[in-house]
Amino acid sequence: MCHGVSDLESFQTSCYTDLVHRPDPEPSKTAKAHVVSPRRRNGERLSKERAKLRKLKKIMKMKNLKLYIENKTIIEENEKLRKQALLLHQENKALFSQILIQQVSQNPN
């Protein structure tokens with residue numbers, strides 16, 4: 001029936017192969033090389049960038065550690081000052097109450 005012919009003898013295989021599913025063609029070797037070749041060419045540059053990133057990461061870790069230690073010491077100092085402020089407040093209240101008692105005892109009105 002291909003090309004209007006009804007004989008089985010005149011059956012052309014091209015008519016049949018048009019109907020058969022053909023697998024997708026594989027990418028060409030040049031396409032694969034195109035993807036791989038920049039890595040090879042830039043491999044040295046990438047390793048330098050990675051080394052810089054590792055160095056920056058190390059520097060940032062050290063800075064972070066220093067800031068953590070500094071923050072911890074500030075928090076400890078803050079707690080000490082808070083305790084000292086509480087003691088001074090209590091002492092201030094005690095002295096103020098002593099002053100009030102003295103004033104009341106001096107002025108018996």
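Does I69 count as buried, exposed or partly exposed, and at what relative accessibility?

1. The structure is a predicted model. Its chain has an average pLDDT of 78, and 60% of the residues reach at least 70. Residues 34-38 fall below 50 in pLDDT, and in the model this stretch makes 2 contacts beyond near neighbours in sequence. Where pLDDT is low, predicted coordinates should not be read in detail.

2. Overall architecture. The secondary structure consists of 2 helices and 0 strands. Of the 109 residues in the chain, 2% are buried.

3. Accessibility of I69. This residue lies in helix α2, which spans residues 29-106. I69 counts as partly exposed because its relative accessibility is 46%, a value between the 20% limit for buried and the 50% limit for exposed.

4. Nonpolar surface patch. I69 also belongs to a nonpolar patch on the surface, together with M62, L65 and Y68.

5. Salt bridge. The structure contains 1 salt bridge. R45 and E49 are the partners, and their closest N and O atoms are 4.0 Å apart. Side chains of opposite charge can pair when their charged atoms come close. Because R45 and E49 are 4 residues apart in helix α2, about one helical turn separates them.

Notes
Residues are numbered from 1 along each chain as its sequence is written. This is a predicted model: local features need pLDDT of at least 70, side-chain atom pairs count only at pLDDT 80 or more; totals for chains, interfaces and linings use all residues. Side-chain values use heavy atoms; hydrogens and water are left out. Buried means under 20% relative accessible area, exposed over 50%, partly exposed in between (1.4 Å probe, protein chains only). Patches are made of residues with over 30% relative accessible area and no salt bridge: like charges are joined within 9 Å, nonpolar side chains (Val, Leu, Ile, Met, Phe, Trp, Tyr) within 5 Å. Accessible areas come from the Shrake-Rupley method with a 1.4 Å probe; for residues, only the protein chains shown count as cover. A salt bridge is a side-chain nitrogen of Lys or Arg within 4 Å of a carboxyl oxygen of Asp or Glu. pLDDT is the predictor's confidence in each residue, from 0 to 100. Contact means heavy atoms within 4.5 Å.
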